[in-house]
Amino acid sequence: MRIIESIQEMQAFSNAARSEGRRISFVPTMGYLHQGHASLMREARRLSDIVVTSIFVNPTQFGAGEDFDAYPRDMERDKSIAEASGVDIIFAPKASAMYPRGYETYVDVERLTLPLCGASRPGHFRGVTTVVCKLFNIVMPHIALFGEKDFQQLAVIRRMVEDLNMGIEILGMPIVREEDGLAMSSRNAYLSPVQRQEALCLKRALDAVRTSYMSGELRVAALRETALAEISKVSSAVVDYAEFCDKHTLDEVLTAGAGTLLALAVRIGTTRLIDNTILGEE
Ligand code: AMP
């Protein structure tokens with residue numbers, strides 16, 4: 001496995017690989033890798049000749065007062081997880097190279113970024129699409145893999161790739177969870193042991209809604225109450241949103257059906273956690 005920090009070197013590597021007819025897959029990350037990231041890398045390994053992952057904590061997707069400075073970082077641990085998951089190249093550029101003095105170009109997906117995390121984190125998706133577009137131009141992959149844990153992000157990236165004719169295949173991968181159901185996330189590292197237990201309220205809320213939906217409750221108002229009731233059992237949990245949307249358009253729905261996305265964002269102390277499920281799917 002090789003670590004590349006230089007943008008030019010990464011582009012030269014990818015150009016050479018492409019001219020040899022090799023298929024490149026790409027897994028963008030912000031590092032502090034866990035088995036959720038590893039599942040994307042292993043699938044990338046299966047699908048291509050060369051697996052590139054990026055480790056870049058992207059400043060433009062963090063709002064003022066968010067956790068950019070505190071975001072956990074551990075390059076040595078990341079290297080061993082990436083290598084064990086079949087990664088060939090870690091691309092780890094410096095922020096000053098990605099956004100040099102005078103930088104002023106941004107990519108904005110307009111409608112899909114309005115609800116959910118877009119509403120509570122203004123400017124977040126503009127940062128995400130901009131950095132992913134830049135990373136695509138640098139790594140030049142044939143295929144890129146994203147987790148459904150960040151469901152809206154995946155939808156926004158698919159839209160960008162289609163709208164801007166990027167010609168990259170986007171693959172969404174299922175949410176990987178801890179044994180007790182908590183969705184894996186680098187941000188779980190912020191949780192104290194007590195908060196780690198409290199954080200299970202997200203998965204419990206998703207499960208309670210799925211059970212109610214399966215028993216025939218389709219009214220979103222009632223299903224939302226079920227979710228909120230489950231979360232409110234944890235007094236420290238503050239709901240940012242609990243929304244039911246069409247999984248393709250992310251438009252709000254009033255009646256649930258197969259393909260309805262239930263998306264949650266909940267604060268446990270200062271840690272904001274997200275999770276989701278698609279009703280009517282495994
Ligand atoms: P991040 O480093 O949090 O920006 O995540 C990098 C990629 O890994 C994104 O495509 C995420 O959706 C994906 N990812 C993060 N956590 C999980 C998880 N628990 N299961 C599946 N994919 C994940």
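Helices (H or I, at least four residues) and strands (E, at least two) are DSSP runs, numbered from the N terminus. The model is predicted: local features need pLDDT of at least 70, side-chain atom pairs count only at pLDDT 80 or more, and totals for chains, interfaces and linings use all residues. Residues are numbered from 1 along each chain as its sequence is written, and side-chain values use heavy atoms, with hydrogens and water left out.

Strand β8 (residues 260–268) includes T260. T260 is buried, at 4% relative accessibility; buried means under 20% relative accessible area, exposed over 50%, and partly exposed in between (1.4 Å probe, protein chains only). A polar atom of the T260 side chain lies 2.9 Å from the backbone nitrogen of G257. Leaving aside residues up to four places away in sequence, T260 touches F244, C245, V253, T255, T277, I278 and L279. Contact here means heavy atoms within 4.5 Å.

The protein chain is assigned two domains, domain 1 (2–173) and domain 2 (186–276). These bounds come from an automatic or database domain assignment. The C-alpha centres of domain 1 and domain 2 are 26 Å apart. Across the boundary, 22 residues of domain 1 are in contact with 18 residues of domain 2.

The size of an interface is often given as the accessible area lost when the parts come together. Between them, domain 1 and domain 2 bury about 1600 Å², with 58% of it on carbon and sulfur atoms. Buried area is the accessible area (1.4 Å probe) that two parts lose on being put together, summed over both. On the side of domain 1, L116, K149 and F151 lose the most area to domain 2. Together they account for 35% of what that side buries.

A salt bridge is a side-chain nitrogen of Lys or Arg within 4 Å of a carboxyl oxygen of Asp or Glu. R187 and D67 pair in a salt bridge, at 2.8 Å from N to O. Residue pairs in polar contact between domain 1 and domain 2 number 11 (both at pLDDT 80 or more). A polar contact is a pair of N or O atoms within 3.5 Å; within protein, one must be able to donate a hydrogen and the other to accept it, and residues adjacent in sequence count only if both atoms are side-chain atoms. Two or more residues on the side of domain 1 that touches domain 2 come from each of α5 (116–120) and α7 (151–163). By class, that side has 11 nonpolar, 5 polar and 6 charged residues. Ala, Val, Leu, Ile, Met, Phe, Trp, Tyr, Cys and Pro count as nonpolar, Asp, Glu, Lys and Arg as charged, and the others, Gly among them, as polar.

Side chains of opposite charge can pair when their charged atoms come close. The salt-bridge count comes to 20. E20 and R22 form one of them, with the closest N and O atoms 3.2 Å apart. E20 is exposed, at 54% relative accessible area, and R22 is partly exposed, at 36%. D207 bridges to K203 at 2.9 Å between the closest N and O atoms. Both residues lie in helix α9 (residues 201–214), 4 residues apart, about one turn of the helix. D207 is partly exposed, at 34% relative accessibility.

E243 forms a salt bridge with R224, with the closest N and O atoms 3.5 Å apart. E243 lies in strand β7 (residues 237–246) and R224 in helix α10 (residues 220–232), so the pair ties together parts that are 19 residues apart in sequence. E243 is partly exposed, at 24% relative accessible area. Salt bridges with shared partners also join R159, E162 and D163 into one network.
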